Amino acid sequence: AFLLGAAGRTKEKIARVSGAEVDILERTRILEIRGTRLERRKAAKYAAGIMAQRTGPVKITEDYCDGDLTMLNVPQEAVGFVTGQGG
């Protein structure tokens, strides 16, 4: 249910940013991803990153980039402004 998120918002966000269609088969807990090769790769990458957060901090490196991200260092005192009240 971690990938599903509250009211399915996490799953919808993965689909929106990757361009792929994303479904979680509840009974088997299989993540089904449909789309172009690039859309599927992005969705799988985003899903893996979200699942990795369950075990600790996730470090994104330059080789993770498919031309689909910009990395910024956010000072600790500004994190709340970036993430917002709900995180």
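Which residue forms a salt bridge with Lys11? The close-up views of this predicted model begin with that pair.

**View 1. Salt bridge between Lys11 and Asp23.** Lys11 pairs with Asp23, and their closest N and O atoms are 3.7 Å apart. Asp23 is partly exposed, at a relative accessible area of 28%.

**View 2. Salt bridge between Arg34 and Glu21.** The closest N and O atoms of Arg34 and Glu21 are 3.2 Å apart. Arg34 belongs to strand E2 (residues 30–34) and Glu21 to strand E1, so the pair ties together parts that are 13 residues apart in sequence. Arg34 is partly exposed, with 32% relative accessibility; Glu21 is also partly exposed, with a relative accessible area of 49%.

**View 3. Salt bridge between Glu32 and Arg34, and the network.** Glu32 forms a salt bridge with Arg34, in which the closest N and O atoms are 2.3 Å apart. Glu32 counts as partly exposed at 31% relative accessibility. A network of salt bridges links Lys11, Glu21, Asp23, Glu32 and Arg34. The search of the whole structure finds four salt bridges.

**View 4. Nonpolar surface patch around Val58, Ile60 and Met71.** Val58, Ile60 and Met71 make a nonpolar surface patch of about 220 Å². Ile60 lies in the loop between helix H2 (37–52) and helix H3 (79–83). The relative accessible area of Ile60 is 32%, so this residue is partly exposed.

Note on methods: Residues are numbered from 1 along each chain as its sequence is written. This is a predicted model: local features need pLDDT of at least 70, side-chain atom pairs count only at pLDDT 80 or more; totals for chains, interfaces and linings use all residues. Side-chain values use heavy atoms; hydrogens and water are left out. Patches are made of residues with over 30% relative accessible area and no salt bridge: like charges are joined within 9 Å, nonpolar side chains (Val, Leu, Ile, Met, Phe, Trp, Tyr) within 5 Å. Accessible areas come from the Shrake-Rupley method with a 1.4 Å probe; for residues, only the protein chains shown count as cover. A salt bridge is a side-chain nitrogen of Lys or Arg within 4 Å of a carboxyl oxygen of Asp or Glu. Helices (H or I, at least four residues) and strands (E, at least two) are DSSP runs, numbered from the N terminus. Buried means under 20% relative accessible area, exposed over 50%, partly exposed in between (1.4 Å probe, protein chains only).
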